[in-house]
Amino acid sequence: SSDLLQVCQDFKEKYPFSLSCGLQMANKAHLPNVRHFGLQIVEHIVKFLWTHMSANEKAFLKTRVLTLVKNGTQSILFEESHIKDVIARIMVELIKHDWLYWPNLLQVLEAIVTLGETQA
C-alpha cells in the first residue's frame, strides 16, 4: 500500500498533465472516490505548485476552482462530506495564495454563497 501511495504522490508532483486529469476526475458525474482523488490532485497543485506556475496557468486554475465551487457538487443532502471538505480546502489554499491580487474576492465569495446551500 505504501507503493501505491508513492505512485499517487509521484503522479501529483511529476506528471505534466496531472492538473487536467485531476480536474477531469473531479467532475461530479464520476463516483465519489474518483472525484476525491481528482480533487486531491487539484489541492496538491494549488498548495504546493502555485508559486511555480505562470500567470496564465494561475488564472486558468483559479477559474476552474471557482467553477468547481459553483457547479462541481451535488446538492447538499446528496454530496459526500469528504468532497465538500476537499473543495473547501482547495478554495482556502487559493485564497491564501491569491488574496492580495484578488480585489473583488469578497464580491466573488458573496456571489458563490448565494448560489445554494452546498456553496454556503
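Predicted model: local features only at pLDDT ≥ 70, side-chain atom pairs only at ≥ 80, totals over all residues.
Let me start with Ile95, which lies in helix H5, where a helix is a DSSP run of H or I with at least four residues, numbered from the N terminus. Ile95 is partly exposed, with a relative accessible area of 23%; on the scale used here, buried means under 20% relative accessible area, exposed means over 50%, and partly exposed is in between, with a 1.4 Å probe and protein chains only. The C-alpha atoms of Ile95 and Lys62 are separated by 9.5 Å, the two residues being 33 apart along the chain.

Residues are numbered from 1 along each chain as its sequence is written, and side-chain values use heavy atoms, with hydrogens and water left out.

Now to Lys62, whose side chain meets that of Asp98 in a salt bridge at 2.9 Å, N to O; a salt bridge here is a side-chain nitrogen of Lys or Arg within 4 Å of a carboxyl oxygen of Asp or Glu. Lys62 lies in helix H4 and Asp98 in helix H5, so the pair ties together parts that are 36 residues apart in sequence. Both Lys62 and Asp98 are buried. The charged end of Lys62 also sits over the ring of Trp102, 4.0 Å from its centre, the criterion being that NZ of Lys or CZ of Arg is within 6 Å of the ring centre and within 35 degrees of the ring normal.

How many salt bridges does a search of the whole structure find? The search finds five, and, as a general point, side chains of opposite charge can pair when their charged atoms come close. One of them joins the side chains of Arg35 and Glu79, at 3.0 Å from N to O. Arg35 lies in helix H3, and Glu79 in the loop between H4 and helix H5 (81-98), so this pair ties together parts that are 44 residues apart in sequence. Arg35 is buried, at a relative accessible area of 2%, and Glu79 also counts as buried, at 6%.

Within helix H5 itself, Lys96 forms a salt bridge with Glu93, the closest N and O atoms being 3.1 Å apart, and these two residues are three apart, about one turn of the helix. Lys96 counts as exposed at 54% relative accessibility, whereas Glu93, at 9%, counts as buried. Elsewhere, salt bridges that share partners join Glu43, Asp85 and Arg89 into one network.

Finally, the largest pocket. Its lining has 13 residues, of which Pro16, Leu19, Ile45, Met53 and Glu57 lie nearest the centre; a pocket is an open set of points on a 1 Å grid over the protein atoms alone, where a 1.4 Å probe fits, with protein on both sides within 12 Å along at least five of seven lines, and lining residues have an atom within 4 Å of a point. Helices H1 (2-14), H2 (18-25), H3 (32-49) and H4 (55-71) each supply at least two residues of this lining, and H1 gives the most, with three. Leu19, one of the residues named above, is in helix H2 and counts as buried at 14% relative accessibility.
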